[in-house]
Amino acid sequence: MTAKKLRLGVNIDHVATVRNARGGAVPDPVRAAIMAEEAGADGITAHLREDRRHITDADIDGLMAALQGPLNFEMAATPEMQAIALRHKPHAVCIVPEKREERTTEGGLEVAREENALAHYIAPLRDAGCRVSIFIAADQRQIEAAHRIGAEVIELHTGAYCDAHAEGRFDDRDAELARLTDMAAFADDLGLEVHAGHGLTFDCVSPIAALPQVAELNIGHFLIGEAIFQGLGPAIQQMRTIMEAARA
Ligand SMILES: CC(=O)[C@@H](O)[C@H](O)COP(=O)(O)O
Ligand SMILES: NCC(=O)COP(=O)(O)O
């Protein structure tokens, strides 16, 4: 198949993590988002966690006011988050699983078991004009369920692939990559737009960027860390260069 154009969404959550370590106003995630757009990000991702451990409600207000391009608003499927999304009407809403005690988003959303509830939950978001995306594992059952509930986009969780790569478990990494490869094609055949993200770095992004069905990568933690060493703009530009080389 002809590869789709590949977009880069930059997740700025962990600028807020650093700010919140001390309280106060700096570093400002909205400023980082504006810099990311200037450096060539196609969109900004922010996850308003229920416990507000990084991004806050005020950050979402600031992002909605300041961004030139699309905001991908990540949130748990709760009534509170639905009300916030309906107030702001961001370009995209990505429904993610959340556990209060987890360090980061550990897996994909369980869609198949919650199909009816999720179908009702996302309907008003779609009616409000938000593109609804579901953050899921590369699992055929979950992809079919995401399709049935009326999601337009799925984002495949790449965390297990990235962890296996970083820990040198190359057989596991290759098995995860094979699963992501098959499931990206499966979802695309159903007519879903396919995104991917979580844990991606310069070292492991290429095989994911090379998947021709993937239209968007969302990358945050690594880029914000790398910004300490080379600045946010150059880190984003380096990521884009690697992504484009993988796609060529
Ligand atoms: C859902 C997801 O992958 C992102 O939200 C990202 O990982 C940043 O948030 P956390 O590190 O809080 O999970
Ligand atoms: N949805 C994944 C995302 O937004 C970025 O994840 P990470 O690069 O911060 O792990």
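**View 1. The shell around ligand 1, sorted by class.** Two nonpolar, six polar and three charged residues make up the shell around ligand 1. By name, the residues surrounding this ligand are N11, D13, H47, R49, E74, V96, T104, T105, F135, H198 and G220. Keep in mind as you look around that this is a predicted model. Its average pLDDT is 97, and 100% of the residues score at least 70. For the complex, the predictor gives an ipTM of 0.95 and a pTM of 0.97.

View 2. Is D13 buried or exposed? It has 21 C-beta neighbours inside 10 Å, so D13 counts as buried. D13 also turns up in the UniProt record, where an unreviewed entry has a "binding site" annotation covering D13, H14, R49, H54 and T104. These residues span 92 residues in sequence, yet no two of their C-alpha atoms are more than 12.2 Å apart, so they gather at one spot. Of this set, D13, R49 and T104 are among the residues around ligand 1.

**View 3. Moving over to ligand 2.** The residues around ligand 2 are N11, T45, E155, G197, H198, G199, L200, N218, I219, G220, H221 and F222. By class, that's three nonpolar, eight polar and one charged. Which elements each supply at least two residues of this shell? Strand 8 (214-219) does, and helix 10 (221-230) does too.

View 4. Take R22, found in helix 1 (residues 13-22). R22 has 8 C-beta neighbours inside 10 Å and so counts as exposed. Then there's H221, found in helix 10. With 16 C-beta neighbours inside 10 Å, H221 counts as partly exposed.

View 5. Eight strands close into a barrel here, in the order 1-2-3-4-5-6-7-8, and their pairing is parallel. On average, neighbouring strands of this sheet are turned by 25 degrees against each other, direction ignored. As background, strands of a sheet pair through backbone hydrogen bonds, either parallel or antiparallel.

**View 6. Strand 3, covered on both faces.** Zoom in on strand 3 (residues 71-75) and you'll find that five of its five residues are buried, so this strand is largely enclosed by the rest of the structure. L71, F73 and M75 are buried on one side, and N72 and E74 are buried on the other. Look for I44, which stands opposite L71 in strand 3.

**View 7. Strands 5 and 6 as a pair.** Strand 5 (residues 131-136) and strand 6 (residues 153-157) pair in the parallel sense, over four bridges. What is the bridge partner of F135 in strand 6? That's E155.

Note on methods
Residues are numbered from 1 along each chain as its sequence is written. Chains are lettered from A and ligands numbered from 1 in the order in which they are written. This is a predicted model: local features need pLDDT of at least 70, side-chain atom pairs count only at pLDDT 80 or more; totals for chains, interfaces and linings use all residues. A residue is near a molecule or strand if its C-beta atom, placed from the backbone, lies within 6 Å of it. Ala, Val, Leu, Ile, Met, Phe, Trp, Tyr, Cys and Pro count as nonpolar, Asp, Glu, Lys and Arg as charged, and the others, Gly among them, as polar. A residue is buried if 20 or more other C-beta atoms lie within 10 Å of its own, exposed if 12 or fewer, and partly exposed in between; C-beta atoms are placed from the backbone. Two strands pair if DSSP finds at least two bridges between them. Axes are lines fitted to C-alpha atoms, for helices over the stretch in contact, and angles run from 0 to 180 degrees between N-to-C directions. pLDDT is the predictor's confidence in each residue, from 0 to 100. UniProt positions are given in the numbering used here, feature names are shortened, and annotations may be inferred rather than shown by experiment.
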